[in-house]
Every structure is written in structure tokens, then in C-alpha cells.
Amino acid sequence: MPGSPCIRHGDVHRTYDRNSIMTDTALIDAVDISRRDPLSGQMLLRQTRFTLNAGDRVAITGPSGSGKSVFLRALALLDPLDSGHIDWHGKPVERATIPRYRRNIAYIRQRPAILEGTVEDNLRYPFSLKAYGDVQFDRPRAASLAAQAGRGSDFLDKRASDLSGGEAQIAALIRVLQLAPEVLLLDEPTASLDPESSHAIEGLVDAWFADDRQPRASVWVSHDPAQAKRMSERHLTMRGGILDEAAAPRHVNEDPAQ
Amino acid sequence: MSLQNLSLWDVAIAALLIVVNGAVSVALKLDLERKLAWAAVRTVVQLLAIGYVLGWVFQFDRWFVVLPLMIAMTLIAGFAGAQRGARTYAGQRVDSIASIWISSWLVAAVGLFVVIRIRPWYEPQYAIPILGMILGNTLTGVSLGIERMTEELTARRDHVDMALALGATRWEAAQAPARQAVRAGMIPTLNQMAVVGIVSLPGMMTGQVLAGQSPLQAVRYQIVIMFLIAASSALGTVLAVLLTYRRLFSADHRFLASRLVERAAASRR
């Protein structure tokens, strides 16, 4: 059974309406961002306007090389933009606040980068960074996330070098989920995984989304239409560096206050 | 005790020893013969040339002759320092020259003016060989440092990316590769210091002894030189790695991986 059926988009909306968070500004507002390949000059992402509101679950599909990853990396401010800017909660992200911004929007890539040592060493790594000076590693919390992914208590002690591809991705996802980000940017996180691991990843993301203590939103790049449907309410396509809002039944940048 | 003068014939006999290297290359199919021949020719031509230049400079003994020569030596070392590694980036040459220049001149100044206290300040008999020795070793450190930095950043690109995505500052993301790079640049000097006098008798010391200097004095000079070399190559390596870091990481905490290009591709453009 793919995903966890207990969280549905409508519930989340109701929650936000109740807390009147939806009157808040968008989480991420990408204003006319574009990116060229610095070597060839080829346009990778054409001027794009994109708003990610609290409660949004976005899926992006499109042929490989169409700019999906470029777009996601641009949202994470990981690559230089050739034009435009990104607002976070209605304010432009300043140079000095980029690490802080990246803390709030977690970026997960197809092939996770796992450090040497144990899974726990990997989970502890973020807490060694300046941006996380105010929080500490919480092993029980990490263990409960691992349990959600169907991994036993010994998972945290596993050697990183012994992890399967699926386990490595689960570890990478727990590494960011324990930090309670507001936004998840997932770049084909399950593209090379077995069905069981994919299911675990989807379950973790669903559970993160269901935790409604703060506004949340996700962008999931996928080449699997069924998964895109499962994991999103708002469907975009990317073709030749142009992001297109599909004629989805609901909320094409609709005013969230309505 | 006087120095046994060598004729050009004596030198030619020694040059025949390069045939040993050639034989090894042919026997093991190393495909190094052309490189060997070229290196041997360069050794002969460069050393003969510097012999004449030095003879002329020593005779002249003026700052406006010594200083340009020192600058030329530094620039050549700087260019050579940027020639290593499979990958390069725009500005590597400038970084190499800057780090070699700053570190070796700073340390040479300490050696010449504080330790040896030469007079006049440009005394070529001291200034040129000492700067030369410092340059040679600093060049090794700098080129190894830059090479290792670009290699590590290429190999660990995913890790650098992951760290930045998590919210690491550019330095937090770069520090592991930078440390490896500085280490790589400093190790040859450290190795050299560990075996000096036991396995290897350094050329300068040997030269002084051959020239009739007392071994104790020669050893003191060698100790001074070793420390000058160590200081300069450490300083140069750190500078080079930091400059590389600044080129490849932008102030807004991005890793500019596209600036790292393969050397062959870079020379084609």
C-alpha cells in the first residue's frame, strides 16, 4: 500500500484555517528566477515564477534533463541564479541568512551523500554546524523516525558503508526530518530504490507532513506518475526549462485565504 | 683544501647516467623516454644558463640586477605551481603566483635580514640561492595543495553539496577538503625534515662541505634553511588552499563546481 492514507490534504488545510496560518504569506516565493549553464550558456531554467504556500504538496514531472533538478537546486539556493530572487516568508533571503534558509528547506537528492562512520554519526553531523547551534541531537527522536521507516533500534548503529541504497536514503531523510524543516525539496528520492524502501520514504514524508505544529510544504520531483499523484495535490510539469502548472483541479496559486 | 674543478667532459660523462633511466623506461615500457630526454636537456640548459646569469649578477652586485632576477625566479615558480593536477580553474595561476610570492619573500626576508643578516640587503651570493631553495620547496607545497584541493572537491562534491544543503557555511562545507589539501602540501617538507642528515645529505650542505666550509657551519646553515623551507611551504600551502577555496565557494555559500574544469578542456578553450 503506497503512502500512509491517514493524512489527506483537506485535513491539513482545515488545520491551517483553524490556526489562521493560511493568512500568512507564502513559504517560498521564487520571483522570475532563471539559470543558464555557466559553461555552454544554454538556458537551463527559463524565467520562472513559483509560489509554495503552506500546505502545498507539489509534484514536478517531466523528461530527464528538462530542468527539474536545476529548479529544485535553485529553490534551495544551491546554484547561482542568473536572474530573479527568492523570498522566504515574504522577505528576500539575504546572503547572511542563506544557511538559515537552507536549514528550513531540506533538499534531498537522488543519490544521498553519506559520511563515514555510523548512521548516528550521520544524524549527528548537522548539529556540528553553526546553523544548528540552538538544537541538540535527540537519539530517541531519531530512533522513532527510524522505527517509522520500519527500521529496528540497531539501525542507528549500523556502519554507513554497510547500508543498502534504500537504507542510505532513509538515513539521509531522517537526517533532515529530525531537524523539523518547514519545506522538503525531494529530487527523485526513490528513483533507484526498491519498492519497500520507496514505501518507507513516502511514509516518512507523509508523517512529517501530518505533524502540523508548523506550516509545511513539499516539492517532489518524480518520474513516476503514480507516485507523483500519491505524494502531491498540485502537479507541475517541466519541459525544456519551462515550468508549467498542469490544469490541476485545485489551487493554481490560488489565494490561500479563500 | 681546494675545489676540484669539473670540465665539460666530466659533466658529459655524468650525463651518460641518464641512459640508466632510459633503459628502465624501455625495459618496463614506461613510455618515458621522450620525457627523460627532454628533462635531461632542460637540466643541462637551465643549469648552464643560470650559471652564466649568476656569474654575471655576482659580478655586477647591484640591487637593480638582483631584484629583477628574484622576481623572475618567483614568477617562474608561480607558473610552475599552477601546472599540476587534472583539474584547474580560472585564476589558478594568479593564486599560485600570489601564494608563492608572499610566503617565500616573507620567509626569505626573515632568513636573510634577521638570521643571516646579510649586507647589503641584496647580497646576491646569499639572497639568490636562499630564495631559490625556498621557492623550490614552496612551489612543491603550493602545487600539491591546489591539486589536492581540486581533487578532493571533485571527489567529495556530493558531500560538499550535502553539507551546504543542510545549512553549512561555505567554510564548514570546504574545511575537510581544505585540511586534506594543506596536509598534502606540507608532507613532503615534513618527510624531508625527518630524514635529513640520516638518509639524505642536502645539496646545499654537501656543496658547502665540498667548497671547504667546516661541516659544523654547513650544518648550521642547513638547519636554518630547513626551517625557512618548512615555514614558507606551510605558509604558501595554506595561502594557496585558501585562495582556491575563495575562488570555488561564493560568499553566498555556494560551491561553484562549474568553475572546476578538466585541464585538457581548459587549454582547448
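Colleague: Let me start with a detail: is D31(B) buried or exposed?

Modeller: D31(B) is exposed, as 9 other C-beta atoms lie within 10 Å. The cut-offs: 20 or more other C-beta atoms within 10 Å is buried, 12 or fewer is exposed, in between is partly exposed, and C-beta atoms are placed from the backbone. Before we go on, this is a predicted model, where local features need pLDDT of at least 70 and side-chain atom pairs count only at pLDDT 80 or more, while totals for chains, interfaces and linings use all residues. Residues are numbered from 1 along each chain as its sequence is written, and chains are lettered from A and ligands numbered from 1 in the order in which they are written.

Colleague: Where does D31(B) sit?

Modeller: In the loop between helix 2 (18-27) and helix 3 (33-60) of chain B. Helices (H or I, at least four residues) and strands (E, at least two) are DSSP runs, numbered from the N terminus. D31(B) also has a positive phi, near 60°, and is not a glycine.

Colleague: And what is phi of D61(B) near?

Modeller: Near 60°, again a positive value in a residue other than glycine. D61(B) is in the loop between helix 3 and helix 4 (63-81) of chain B, and counts as partly exposed because 13 C-beta neighbours lie inside 10 Å.

Colleague: Which residues does the cis peptide bond join?

Modeller: R119(B) and P120(B), with omega about -5°. P120(B) belongs to the loop between helix 5 (92-115) and helix 6 (124-155) of chain B.

Colleague: Switching to chain A, how many helices and strands are there?

Modeller: Chain A has eight helices and 10 strands. Of its 258 residues, 44% are buried.

Colleague: In what order do the strands of the open sheet run?

Modeller: Four strands of chain A go 2-1-4-5, with antiparallel pairing. Strand 2 (43-52) and strand 5 (91-92) are at the edges with a single partner strand each, so one side of each has no neighbour in the sheet. Strand 1 (residues 28-36) pairs with strand 2 over six bridges; pairing takes at least two bridges found by DSSP. In that pair, I28(A) stands opposite L52(A).

Colleague: How many residues of chain B are in contact with chain A?

Modeller: 17 residues of chain B, against 20 of chain A, where contact means C-beta atoms, placed from the backbone, within 7 Å. Helix 7 (residues 157-166) of chain B gives the most to that side of chain B, with seven residues.

Conventions
Contact = placed C-beta atoms within 7 Å.
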